[in-house]
Amino acid sequence: MLMTEARRLADFEGAWQVERTIRQEDGIDARFSGRAVWAPAETGLRYHENGLMTLDGHPPMQAERRYFWAEDLSVFFDDGRFFHRVPETGGSTSHWCDPDHYALTYDFTDWPRFKVAWRVKGPRKNYRADTEYTRC
């Protein structure tokens with residue numbers, strides 16, 4: 001992966017278009033299309049995404065996700081538990097959430113458009129999610 005300029009928390013603030021594909025190892029695919037907003041809160045930014053999730057063969061449904069991003073690019077679940085730290089110049093990071101392992105890769109080479117790839121494996125989880133963010 002090419003090295004890029006180090007990202008700071010303020011770089012993410014604002015609204016972004018989100019496009020995500022999710023590929024399950026069992027063959028069920030899904031797509032998410034929506035909007036993400038990083039908004040100032042306390043000592044960091046609140047992340048909220050919402051949009052439509054479509055699973056093959058099913059009607060679209062509303063979906064959303066929330067996180068808190070700290071100044072050092074640490075990401076926390078909405079309930080306060082640590083998730084992972086975003087590499088400032090892009091690259092790999094991971095999270096062990098017993099019994100599941102999350103391997104994430106951030107790609108900032110086309111900033112202000114960026115990509116995040118998740119690979120999740122566990123007893124009941126086995127999927128890849130590829131997300132592209134484009135500044136609104």
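Guide: Strands here are DSSP runs of E with at least two residues, numbered from the N terminus, and two strands pair if DSSP finds at least two bridges between them. The model is predicted, so local features need pLDDT of at least 70 and side-chain atom pairs pLDDT 80 or more, while totals for chains, interfaces and linings use all residues. Residues are numbered from 1 along each chain as its sequence is written, and side-chain values use heavy atoms, without hydrogens and water.

Visitor: How do you know that β2 and β3 pair?

Guide: Strand β2 (residues 29-41) and strand β3 (residues 44-55) are joined by 12 bridges; the definition asks for at least two, therefore they pair. They run antiparallel, and Pro-40 stands opposite Leu-45 in β3. In their hairpin, with 2 residues between the strands, Glu-42 has a positive phi near 45°.

Visitor: Why is a space called a cavity?

Guide: On a 1 Å grid over the protein atoms alone, a cavity is a set of points where a 1.4 Å probe fits but cannot get out; lining residues have an atom within 4 Å of a point. A search of the whole structure finds 1 cavity of 30 Å³ or more. Of the 14 residues lining the largest cavity, the closest to its centre are Tyr-67, Trp-69, Tyr-106, Trp-118 and Tyr-133. Strand β4 gives the most to this lining, with 3 residues.

Notes. 1 Å grid on protein atoms, 1.4 Å probe; cavity = no way out; pocket = protein on both sides within 12 Å on 5 of 7 lines; lining within 4 Å. Points joined across faces, edges and corners; volume = space filled by probe spheres on them. Helix = DSSP H or I, 4+ residues; strand = E, 2+ residues; numbered from the N terminus.
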